[in-house]
Amino acid sequence: MSGIVKEETRSVSPHCPKPNESEEPEGTAMEETAIEKSQHGEIVITKEMEEEEKHLVEEGEKKEREMMEEARQSWEKESQEMRFRRLQHLLEKSNIYSKFLLTKMEQQQQDVSIVFERRERAVTLGGLPFPDVNLS
């Protein structure tokens, strides 16, 4: 073991000074006045506290703005995706309806051509309007 003893110049606690300390440690005057005032029921707010509170409020507002912006962007993206899906759905329905109409029109055209063919055959077979029909 070495015989060197480390000597502290100040006590660790400002509330329990060493017997040879004559003056208050630096930074304890405010703490003591705050303690004294808080013992009397008064509230002490220092400039540092006000600045810290202001900083925290600004930081909170900044985070809130960022969250609102993220929410807005997310809503816009979802809204666009939803509109795109609706448009796709409408286009699919429109396509199906167009095919349906085309089929109906083709069927109607076939029906009309069948009627014309029957009439032509009727005219060529002797004037009977509908040769398939038995009139007797």
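## Around R72

Guide: R72 is partly exposed, with a relative accessible area of 38%, where partly exposed lies between buried (under 20% relative accessible area) and exposed (over 50%), computed with a 1.4 Å probe and protein chains only. This is a predicted model, in which local features need pLDDT of at least 70 and side-chain atom pairs count only at pLDDT 80 or more, while totals for chains, interfaces and linings use all residues. Residues are numbered from 1 along each chain as its sequence is written, and side-chain values use heavy atoms, with hydrogens and water left out.

R72 forms a salt bridge with E69, the closest N and O atoms being 2.3 Å apart; a salt bridge here is a side-chain nitrogen of Lys or Arg within 4 Å of a carboxyl oxygen of Asp or Glu. E69 and R72 are three residues apart in helix α2, about one turn of the helix, helices being DSSP runs (H or I, at least four residues) numbered from the N terminus. The side chain of R72 also meets that of E76 in a salt bridge, at 2.5 Å from N to O, and these two residues are four apart in helix α2, so about one helical turn separates them.
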